Amino acid sequence: MADVDPDKSRFGGRHTEQKLSVLGRYLTAYNTALNRTNFRRWYNDVFAGSGHRDAPEAPTVPGQSTWDDVAPGDSVELPGSAHLALDTNPPFHHYVFIERHPEKADQLRQLVSEHPHVASRVQVEEGDGPSRLLDLCRAFDRQTSRGVLFLDPFGMQVEWHLLEAVAATQAIDCWMLFPLGTTQRLLAGNPSAIPLAWQEKLDRFFGEPRWRSEMY
């Protein structure tokens with residue numbers, strides 16, 4: 001995953017388009033497959049952002065058009081993961097978007113208002129995504145519900161205990177984009193020279209201390 005400024009909506013490139021294209025197709029297939037069951041379908045996006053991104057280049061994913069009139073340095077507003085989820089047909093029964101930046105949360109609410117057919121099903125929450133994710137997992141009823149969780153963090157916010165909580169529901173499909181760049185920076189150099197605070201962060205992220213031997 002590319003490291004970006006979490007306060008900005010301008011990020012990504014071709015790999016981002018590919019990621020979102022795959023996600024969009026998956027959400028459609030997921031809801032189609034479960035549409036004739038009695039399960040209530042949830043979509044959860046813990047780092048939802050504004051619902052769109054300002055692409056620094058035109059998309060080149062197969063099946064999408066390119067824009068030859070985009071000048072160098074310009075950007076094009078493209079749908080993000082939350083936007084794709086709202087556009088999914090058949091729709092989900094419930095949507096939970098969590099975003100810690102108030103300005104982006106307001107943009108999400110505006111996006112939801114532009115989807116009146118599902119607006120009443122959507123929760124937009126401001127706050128700490130990982131903490132709220134724990135609450136959602138603990139309250140999830142696998143007897144009546146199924147869900148998709150999309151995790152695209154800007155760093156190492158998703159620690160191992162969060163993934164354990166998701167797995168414990170036995171009913172949530174989890175998509176997580178791994179923060180490779182961040183972990184590589186923390187792991188760089190001699191392992192004995194890594195600051196203690198970084199070591200503890202890596203322990204929480206990987207769920208155990210074996211990275212000290214496995215990674216090297």
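Predicted model: local features only at pLDDT ≥ 70, side-chain atom pairs only at ≥ 80, totals over all residues.
Me: How many helices and strands does the chain have?
Reply: Eight helices and seven strands.
Me: Back to pairing. Over how many bridges do E1 and E4 pair?
Reply: Four bridges, in the parallel sense. In that pairing, Asp45 stands opposite Phe97 in E4.
Me: And over how many bridges do E1 and E6 pair?
Reply: Six, again in the parallel sense. E6 covers residues 145–151. Asn44 has Leu149 in E6 as its bridge partner.
Me: How many residues of strand E1 are buried?
Reply: Five of the six residues, and E1 spans 40–45. So E1 is largely enclosed by the rest of the structure. Buried means under 20% relative accessible area, exposed over 50%, partly exposed in between (1.4 Å probe, protein chains only).
Me: What share of the chain counts as buried?
Reply: Of its 216 residues, 44%.
Me: New topic: helix H4. Which of its residues are buried?
Reply: H4 runs over residues 129–139, and its buried residues are Gly129, Pro130, Leu133, Leu134, Leu136 and Cys137. They cover an arc of only 165° around the axis, which puts them on the same side of H4. The arc is that of the directions from the helix axis to the C-beta atoms.
Me: What does the face turned away from the buried side carry?
Reply: The exposed residues Arg138 and Ala139.
Me: What do the buried residues of H4 pack against?
Reply: E1, E4, E6, helix H5 (160–169) and strand E7 (172–176). Contact means heavy atoms within 4.5 Å.
Me: Is Cys174 buried, exposed or partly exposed?
Reply: Partly exposed, because its relative accessibility is 35%. Cys137 counts as buried, at 7%.
Me: Now rings. How many aromatic pairs are there?
Reply: Nine. Rings of Phe, Tyr and Trp (its six-membered ring) pair if their centres lie within 6.5 Å; planes under 30 degrees apart count as stacked, over 60 as edge-to-face and the rest as tilted. One of the pairs is Tyr26 with Tyr30, which is tilted: 6.0 Å centre to centre, 35° between the planes.
Me: Where do Tyr26 and Tyr30 lie?
Reply: Both are in helix H1 (residues 14–34). They sit four residues apart, about one turn of the helix. Tyr26 counts as partly exposed, at 24% relative accessibility. Tyr30 counts as buried, at 10%.
Me: What kind of pair do Tyr30 and Phe92 form?
Reply: A stacked one: 6.2 Å centre to centre, 25° between the planes. Tyr30 lies in H1 and Phe92 in the loop between helix H2 (81–87) and strand E4 (94–99), so the pair ties together parts that are 62 residues apart in sequence. Both residues are buried.
Me: Which residues do ring pairs link into a cluster?
Reply: Tyr26, Tyr30, Tyr43, Phe92, Tyr95, Phe97 and Trp175.
Me: What sits over the ring of Phe39?
Reply: The charged end of Arg146, 4.0 Å from the ring centre. A charge sits over a ring if NZ of Lys or CZ of Arg is within 6 Å of the ring centre and within 35 degrees of the ring normal.
Me: Last one: the backbone. Which peptide bond is cis?
Reply: The one from Asn89 to Pro90, with omega near 5°. Pro90 is in the loop between H2 and E4. Gln170 has a positive phi of about 55°, although it is not a glycine. Gln170 is in the loop between H5 and E7. At 60% relative accessibility, Gln170 counts as exposed.

Technical notes:
Residues numbered from 1 in each chain as written. Heavy atoms only, no water. Helix = DSSP H or I, 4+ residues; strand = E, 2+ residues; numbered from the N terminus. Pairing = 2+ DSSP bridges.
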